[in-house]
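This report covers selected local features of one protein model. The sequence and the structure come first, and the notes follow by topic.

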Amino acid sequence: MKQPRPRDAQTDAFNQAKLTVLGGRNILFVMAADVEYGPHLKKRFDPFMTGVGPVEAAVELTAALAALDRHERLPDLVVSLGSAGSRVLEQTEIYQATSVAYRDMDATPLGFEKGTTPFLDLPATLPLPLRIPGIREASLSTGANIVSGSAYDAIAADMVDMESYACLRACMHFDVPLVVLRGISDGKTELRHVDDWTEYLHVIDEKLAAAVDRLDESIAEGLLTP
């Protein structure tokens, strides 16, 4: 029996990685989960969905950027949007990440600084230099675990997510800048159910949409600055 042809993953990635024009620039918006993609954001862009966690984000975004590169369509900017946890930042407010660290990496038994990938010439915390005027700023930690309660004690960053570091490393490979926008969905109390995460996503959706509008204005006015 003739076997079906395998799916062309690069073609799929290229078709799914739709670019949005803001301020005359081609932007690739990246999100992790459909539940974060509400009606306000749906009016503004069609995101590339990576799936949840650093592995999925790294694999999927790298495939998308490689496919775009092959077609000479690399974006001018990648924007990663979604929710984040924090016990120190204001819940439902939007923050742009100023830096991102990889909390899963721990090679300290070999003498490496915690968060530093062995034999990779990068610091434990990577800066995100672009700034959107008028949007609050915060540091970010990425990892594969859901952070809740006392687990925040081990994290120095202001907020936590599960994809941004992976997105940054993919963008660095293709020399494409990254902006990270996060709405604080949880962190004040311990998470016990998925509803504790999703309860305020509709509010974050509306506020993220306003942040995208501000990004559009900033690019058009030449105000998106390092």
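## Basis

Helices and strands here are DSSP runs numbered from the N terminus, a helix being H or I over at least four residues and a strand being E over at least two. The model is predicted, and local features need pLDDT of at least 70, side-chain atom pairs count only at pLDDT 80 or more, and totals for chains, interfaces and linings use all residues. Residues are numbered from 1 along each chain as its sequence is written, and side-chain values use heavy atoms, with hydrogens and water left out.

## Helix 4 and its cysteines

Helix 4 spans residues 164–173 and is followed by Asp175, whose phi is positive, near 60°. Seven of the ten residues in helix 4 are buried, where buried means under 20% relative accessible area, exposed means over 50% and partly exposed lies in between (1.4 Å probe, protein chains only). The buried residues are Ser164, Tyr165, Ala166, Cys167, Leu168, Ala170 and Cys171.

Two of these are cysteines, with relative accessibility of 1% for Cys167 and 0% for Cys171. Across the whole structure, the search finds zero disulfides.

## Positive phi outside glycine

Asp175 is not a glycine, yet its phi is positive at about 60°. Asp175 belongs to the loop between helix 4 and strand 9 (178–186) and is exposed, at 70% relative accessibility.

Glu72 also has a positive phi, near 55°, in a residue other than glycine. Its place is in the loop between helix 3 (54–70) and strand 4. Glu72 counts as exposed, with a relative accessibility of 74%.

## The loop between strands 4 and 5

Glu93 is found in the loop that joins strand 4 (77–85) to strand 5 (94–102). Neighbours within four places in sequence aside, Glu93 is in contact (heavy atoms within 4.5 Å) with Arg136, Arg182, Gly183, Ile184 and Lys207.

Leu89 lies in the loop between strand 4 and strand 5 and is buried, at 11% relative accessibility. Not counting residues up to four places away in sequence, Leu89 touches Tyr95, Ala138, Asp158, Met159, Ile184 and Lys188. Leu89 and Ser139 are 50 residues apart in sequence, and their C-alpha atoms are 11 Å apart in space.

## Cavity

Rolling a probe the size of a water molecule over the atoms shows where empty space is left. On a 1 Å grid over the protein atoms alone, a cavity is a set of points where a 1.4 Å probe fits but cannot get out, a pocket is an open set with protein on both sides within 12 Å along at least five of seven lines, and lining residues have an atom within 4 Å of a point. Grid points are joined across faces, edges and corners, and a volume is the space filled by probe spheres set on the points.

The structure holds one cavity of 30 Å³ or more, and the largest cavity has a volume of about 30 Å³. Glu36, Gly82, Ser83, Leu201, Ile204, Asp205 and Leu208 line it. Helix 6 (201–220) and strand 4 each supply at least two lining residues, and helix 6 gives the most, with four. The lining has three nonpolar, two polar and two charged residues; Ala, Val, Leu, Ile, Met, Phe, Trp, Tyr, Cys and Pro count as nonpolar, Asp, Glu, Lys and Arg as charged, and the others, Gly among them, as polar.

## Second largest pocket

The second largest pocket holds about 270 Å³ of space. Of its 15 lining residues, Ala101, Arg103, Ser141, Ala154 and Ala156 are the closest to its centre. Strand 5 and strand 7 (136–142) each supply at least two residues of this lining. By class, the lining has eight nonpolar, five polar and two charged residues.

Technical notes:
Disulfide = S-S within 2.5 Å.
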